[in-house]
Amino acid sequence: MADVFGQKHKSIAVQLSTLLCEAMLMRDSAVEILLVEDNPCDAELTLHSLKSSNLTNHIEVVRDGAEALDFIFCTGNYAHRSMDDEPRVILLDLKLPKVDGLEVLQKIKSDPRTRIIPVVVLTSSREERDIVDSYQLGVNSYIVKPVDFEQFTEAVRQLGLYWRLLNQPPVS
C-alpha cells in the first residue's frame with residue numbers, strides 16, 4: 001500500500017515538473033516586443049539592431065494596423081493567443097496601411113486589458129499634430145527614426161535596452 005502511495009506521489013511530482021517546464025518554455029517564447037512596421041527595410045533594420053544587441057528573445061512583426069489589432073486583441077489569425085501573453089512593449093509606426101497607427105494606439109490605450117502595455121511610436125513623421133495626438137492618446141514615447149543607418153541602429157539599441165532591461169512594468 002505504501003509503495004502504491006509513493007508511486008502516485010512520484011507520478012504527480014513528474015506531472016507537476018513537466019507542467020512547470022512547459023510553462024517556463026511558453027513564457028520564454030512569449031512575445032517581448034511587438035513591432036508594427038509596414039516598411040520591410042525599416043522592419044529588418046529594427047530586427048537586426050535588437051537582435052545584434054541581444055535585447056530580446058522573441059519579436060513579433062506585423063505589417064499593418066489591422067494585423068496589429070488582431071495580434072493585440074487575439075482576434076482573426078491570432079485568435080489562438082491569450083490576452084495574458086501581452087508584449088512587454090509595442091513599437092508602433094504611425095503611417096500604416098488598413099488601420100492608421102494613431103487608431104491602433106487609441107484602441108490599445110482605451111482598453112483596460114491593454115492600456116498598461118508600453119507603446120513607443122517609432123516613425124518618420126515629425127509632424128507636430130502626430131506628436132501631440134500620440135501623447136494625448138497615451139503613448140509612452142515618441143521617437144523619430146533617424147535617416148542615417150548608424151544613428152537608426154543606435155537609437156533602436158538604446159530603445160530596446162531601456163524598454164527591455166531598465167523599465168520596470170507593473171506586476172499583473
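Which residue in β2 does Ile33 stand opposite? I looked this up first in the predicted model, and I found that Ile33 stands opposite Ile59 in β2.

**Entry: overall layout**

I then turned to the chain as a whole. I counted 6 helices and 5 strands. Reading along the sequence, I noted the pattern α-β-α-β-α-β-α-β-α-β-α. The chain has 172 residues, and 41% of them count as buried. I also looked up contacts between residues at least 6 apart in sequence, and 62% of these join residues at least 24 apart.

**Entry: the sheet**

In what order do the strands of the open sheet lie? I recorded the order β2-β1-β3-β4-β5 for this sheet of 5 strands, with parallel pairing. The edges are held by β2 (59-62) and β5 (141-144); each has a single partner strand, so one side of each is left without a neighbour in the sheet. On average, neighbouring strands of this sheet are turned by 20° against each other, direction ignored.

**Entry: pairings of β1**

I followed β1 to its two partners. Strands β1 and β2 run parallel and are joined by 4 bridges. On its other pairing, β1 (residues 33-36) meets β3 (residues 89-92), also in the parallel sense, over 4 bridges. I checked Ile33 again here: its bridge partner in β3 is Val89, while in β2 it stands opposite Ile59.

**Entry: helices on the sheet**

Which strands does helix α3 touch? I found that α3 (residues 65-73) packs on the sheet and touches β1, β2 and β3. The direction of α3 makes about 140° with that of β2. Helix α4 (residues 101-110) also packs on the sheet, where it touches β3 and β4 (119-123). The direction of α4 makes about 160° with that of β3.

**Entry: side chains of β2 and β4**

I examined which way the side chains point. From β2, Ile59 and Val61 point one way and Glu60 and Val62 the other way, and all are buried. From β4, Val119, Val121 and Thr123 point one way, whereas Val120 and Leu122 point the other way. Why is β4 largely enclosed by the rest of the structure? I noted that 5 of the 5 residues of β4 are buried, so β4 is largely enclosed. Strand β4 pairs with β3 in the parallel sense over 3 bridges, and within this pairing I found Val119 of β4 as the bridge partner of Ile90.

**Entry: Thr123**

Is Thr123 buried or exposed? Thr123 counts as buried because its relative accessibility is 0%, and the cut-off for buried is under 20%. Its side chain makes a polar contact of 3.1 Å with the side chain of Asp93. Not counting residues up to four places away in sequence, Thr123 touches Asp93, Leu94, Tyr142, Ile143, Val144 and Lys145.

**Entry: nonpolar cores**

I searched for the largest nonpolar core and found 23 residues in it; Val36, Ile90 and Leu92 touch the most other members. At least two residues of this core are supplied by each of β1, α3, β3, α4 and β4. The largest share, 5 residues, comes from α3. Leaving aside neighbours within four places in sequence, I listed the contacts of Ile90, among them Leu34, Val36, Ile72, Ile108 and Val120. Apart from this core lies another, of 15 residues, including Ile33, Leu50, Val61 and Phe152. In soluble globular proteins, nonpolar side chains tend to be buried together.

**Entry: Phe73**

I next consulted Phe73, which is found in helix α3. At 16% relative accessibility, Phe73 counts as buried. Phe73 and Arg113 are 40 residues apart in sequence, and their C-alpha atoms are 8.9 Å apart in space. Leaving aside neighbours within four places in sequence, I found Phe73 in contact with Met83, Lys107, Ile108, Asp111, Arg113 and Thr114.

**Entry: cysteines**

How many disulfides does a search of the whole structure find? The search finds 0 disulfides.

Terms used:
Residues numbered from 1 in each chain as written. Predicted model: local features only at pLDDT ≥ 70, side-chain atom pairs only at ≥ 80, totals over all residues. Heavy atoms only, no water. Disulfide = S-S within 2.5 Å. Pairing = 2+ DSSP bridges. Axes fitted to C-alpha atoms, helices over the stretch in contact; angles between N-to-C directions. Contact = heavy atoms within 4.5 Å. Buried < 20%, exposed > 50% of the residue type's maximum accessible area, 1.4 Å probe, protein only. Polar contact = N/O pair within 3.5 Å; in protein donor to acceptor, adjacent residues only side chain to side chain. Core = buried A, V, L, I, M, F, W, Y, C linked by side-chain atoms within 4.5 Å.
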